[in-house]
Every structure is written in structure tokens, then in C-alpha cells.
Amino acid sequence: MSDRVWWKEAIVYQIYPRSFKDSNGDGVGDLQGIISKLDYIKSLGVDAVWLNPIYKSPNDDGGYDISDYYSIQPEFGSMQDFDELLAGLHQRGLKLIMDLVLNHSSDEHPWFVESKKSKSNPFRDYYFWKPGKNGHAPNNWPSFFGGNAWQLDEQTGEYYLHLFSVKQPDLNWENTALRKEVHELMRYWLKRGVDGLRLDVISAISKRTDFPPTDTVDFNETIRRYYSNGPRLQEFIEEVRTKVINEYKDVMTVGEGPGITPQNALDYLDPEKGLNMIFHFGHMFMDQGPGGRFDPIPWSMTDFTKVFKTWDDTFAKTGWGSIFLGNHDFARMVSRWGDDSSYWRESSTLLITLLLSMRGTPFIFQGDEIGMTNTKLKAVADSKDIETQNGWREAQKRGMSEDQFLSLANYSGRDNARTPMQWDDSVFGGFTDGHPWMDLNPNKSRINVATQTTDPHSILNYFRSMTSLRKAHPVLTYGTYEPIETKDDRVFAYYRQEGKEKYQIVLHFSNENSTFPIPLNAQRLIGNYANESLSLRPWEATIHKL
């Protein structure tokens, strides 16, 4: 029996503040906007909110380039607004998980501004500085956002490491003084009363500090072998847990982990010294070729279901996983894994059934509860994302046309998830009274919260039914997971069981009909079609109690 704790039972709703709700007409979502929607969030049946970064930032990479960890981005509001938001969540029995970016800072952070001044500056060692080799970068490491991961600084003639944007220099966790600063800023937010921390790219805080050149063209392999899971990783995580987290009761930590594999996942999750859970990317990187995001490769349902089995096996005895099918860094859930045209409602509700019937803590991204879909950029210039802009520069060097690149960006780019939330069918979708920072998806008139609130068969109301079902049946949280072998690989079926209680979940990932035996006397608890059927209809999802 697993230890029963709130963060295993929580359903977490992820908010991308810039795109959630604008309260003052400047076209940018803000904290007062979120406050105005707290009753809506509560009505979803979720237990916690994960907020993407809201700290002061030049916003080169959607706020993941922090210039001051102790203040709120002025566009989002003030610290007073933050305290009001936290109090409003707590009054409704909801918890807040803050997103902390600790692998890198902004190049406008005072530490880096000092660090650049001279080789002898006391802050120099807060970052990774290296002399070049034969007039080139110290090694051939590629950045997540294209190009080399080293940037020459003319002032001192040395290069600094940035695994992400050139404006996101990597912090040097080998430096004790830097780690103390990090512990201090974590304490600051925990003292304010936040309930959990999502630690961005935590897998890279210990990297190969001998900086050998990468010997593979496979980007995800480079992440695994050079950027992540470094020699001091467990030591750094243990220090955070014992010196900071343990001072606060019931705080949850979840680490984001590109480069985490089933073989090393438990290194992060020691019950006494580690994080509580991690985000792995087994399924999220499944359709990426050696070139990463803009190098798509085909994936199969067999690959998809295998990821869930592999990771469930990893956490079967110890540790805890997270379940997610989309977030701010990936395409929209229904456009990626479902059918966002003919079977938009059915495939959205099937994916919600999957999310909320798996073992692990489910995370749902804003808008997925109403089936928001990918957007269609008409020109690369319309993209608001640094990764897409840099990807296009790299693609041009390879002779790719804009149309070819746009088809890749519209499939997997991050703009897809970042279009403003669709509240109603008004001009700007109820998101803002001003001009939105990013164009809304044109389908806002058809896909929005207002329309779905009153429709008993809507995706939104199905989501609410699923959250209450999960809460009513703890076996869906804590029970064992056992895949059922099927002749049709488009059928993803599994049992969840605890003691004598047993449930059968059947998910049909297909536009055609199929069949799957339902045992006699099984009680149908929920399904995304109105009535029972002897055959499996397109994108049908059912949960039966056996």
C-alpha cells in the first residue's frame, strides 16, 4: 500500500499566466485575471494549480529567463496580487505549485551582470566561463534552441555556457555560494505559503563539468549523456531537500527531467533525500528524430502504450510518477494524440479518460479541459516562440522553404499551446478587452468555456465527471496498473486494481469500429458515448467496474 499523501491524490491544473485571462486590457494575462477565474478552476474538480513562471523577466523565453527571483513580472501584477491569489486558492481548498527555474538565470540578472565584468569578479563562478579552443567555442555542444551552447563575450574574451537561449546562461551549481542563494530564494516562496515547487530542467543542474565534446548527432542522446544526470546530481537534490524542503510541512516537489530515463529515475526520488516525483518525457519525445522538435518521425500505438508500461514498472515499488499529455512546451493534446477534426469531442474525452485513470499524479494544461486545438501559423514571423524562430534560422541554412518549416512548427511548435484561453465567442474570446499579445485560435467561436458550460455532453462537463470519478475511486490513484494484451493495437486497455476492487479501462485510438470483450456483470462507470454498445466506436473510452 502506498503512503497516502495529498500530492499523490491531487489533480493539477497548469496555468500559463500570459495566456489565461487579462484583467486590465493590455492584452497580457495577469494574476488578477487568474483571481477572477478561481471559481471556474474550483468547479473543474482539480486540487492544485501549477503556475508557469511569474517572476521579473525580459521574457526572451516565456519567463523562463528570470532577472529577479524575488519580484513579480510587472505585466502580471504585484506581490500584493500574488498574496491575494494564494489566499483565494487556499480559501477554496486549492494548493499552489510555483515554477522555479534553477538551471539558468536571465543574462540581465544582477549575478550575471557582475559575472561578465571581469575574470576575477566574485560572481564569475556563478556561471560556466571557458576560454575558446583554436578560435572556436570550447566544445560542440548544441543548444536546445539551435546553434552552439557557448556564447563569446567580447569584454573578457571568454565563452559562457547557455544550454537554452543566449539570454539564459547556465548557473554553476558546483559553486557553494550559488547553491546558498538558490536555497534562500526557495525558502522565500515557501515562507510565503506556496504548497509545492516545480523545478525546471532539474536534471541538468549537475552536468559533465569536464565538458567533453558530444560524439552523437542525436540531440536527445546528447541531453542524456552530457547535460543531465551529472555526477553530483543526487548530492545537490539531497541538499535542497534536507536544508530547505524539510523545514516546511507537506510541501511537494516535482522535477522536470529531460534526459531522465527509467534506469536513473529513482536517483531523483529517494523518499528521504529526493524529490517527490518527476516529469519524464518518454512519450513526449517519442516522435522526435535526431534533430529534436523540428525533426518529426512516425510513432505507433505500440510505442505509446509501451511508455506507460515502462514507466509504471519503474515506480511500481518506490517513487511516484506524473501523468500528462500536453503542457506549455508541446502541441495541444487532442491535435497530437487524437483527431482534432472529425472526432474532436470523442478523442478529447478519451485522452481525458486516459489522464485521469492512470497511476501517477495527473497534470492537465489550461484549455485541454475544453479540447483546445493546435493553431496554424501562416508565417514564421507570427510565432512568439524563440525556439521556433531559432529553428527557422537553422532550417534555412539547410535549404528548407518557409512552407516546409511551417508544417513542422504547426505540428510540434510551442505556439500551439500558448494561444490565449477561449472563454467565450466574443472577438478576443473573453480573454481580453484589448488587443491580445498573441492571436487567438480562430476556432474560439466553436470551442470555448461558455458554450461548453451549458452543454451536458461537452468535453468540459465530461472532464468534471472524470475528476469526481477519480476522487470517488481511490483505486484509480493507488491501484496497480496492468496492461491487457489486445489483438488490435489501436485499443489501449488496462486494469487498475487494489485488493478486491478491479476496474477495466478501454481506450480505442481509431476512427473505425472495433470490438473488445466486456466481462459479464461489469458495471459501466463512465464512457464518452451516451450509451453502451457491443462494438467499440471511434475514439470510444469506457471504465467498467468488474
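Among contacts in the protein between residues at least 6 apart in sequence, 69% join residues at least 24 apart, where contact means heavy atoms within 4.5 Å. The structure is a predicted model, in which local features need pLDDT of at least 70 and side-chain atom pairs count only at pLDDT 80 or more, while totals for chains, interfaces and linings use all residues. Residues are numbered from 1 along each chain as its sequence is written, and side-chain values use heavy atoms, with hydrogens and water left out.

The secondary structure comprises 17 helices and 20 strands; helices (H or I, at least four residues) and strands (E, at least two) are DSSP runs, numbered from the N terminus. The protein has a radius of gyration of 23 Å, close to the 24 Å given by the globule rule for 546 residues, so it is as compact as a globular protein of that length. This radius is taken over C-alpha atoms, and the globule rule is 2.2 Å times the number of residues to the power 0.38. The C-alpha trace spans about 75 × 50 × 50 Å along its principal axes. Of the 546 residues, 61% are buried (buried means under 20% relative accessible area, exposed over 50%, partly exposed in between, with a 1.4 Å probe and protein chains only). The accessible surface comes to about 21000 Å², and carbon and sulfur atoms account for 49% of this area. Accessible areas come from the Shrake-Rupley method with a 1.4 Å probe; for residues, only the protein chains shown count as cover.

Strands of a sheet pair through backbone hydrogen bonds, either parallel or antiparallel. Two strands are taken to pair if DSSP finds at least two bridges between them. An open sheet of eight strands shows parallel pairing, in the order E11-E10-E9-E5-E2-E1-E15-E14. Its edge strands, E11 (277-279) and E14 (322-323), each pair on one side only. Two bridges join E14 to E15 (residues 361-365) in the parallel sense, and Ser322 has Thr361 in E15 as its bridge partner. Helix H4 (residues 79-91) lies across E2 (48-51) and E5 (95-101), running at about 140° to E5. For this angle, axes are lines fitted to C-alpha atoms, for helices over the stretch in contact, and angles run from 0 to 180 degrees between N-to-C directions.

A further open sheet has three strands in the order E6-E8-E7, with antiparallel pairing. E6 (129-130) and E7 (150-153) stand at the edges with a single partner strand each, so one side of each is left without a neighbour in the sheet. E7 is joined to E8 (residues 158-161) by four bridges; the bridge partners in E8 are Tyr160 for Gln151 and Glu158 for Asp153. E7 and E8 form a hairpin with four residues between them, and Gly157 in the turn has a positive phi of about 70°. E6 pairs with E8 over two bridges, with Lys130 opposite Tyr159. Glu158 and Tyr160 point one way from E8, Tyr159 and Leu161 point the other way, and all are buried.

Thr419 lies in the loop between helix H14 (415-418) and helix H15 (449-453). Thr419 is buried, with a relative accessible area of 1%. Apart from neighbours within four places in sequence, Thr419 is in contact with Ser19, Met372, Thr375, Met438, Asp439 and Asn441.
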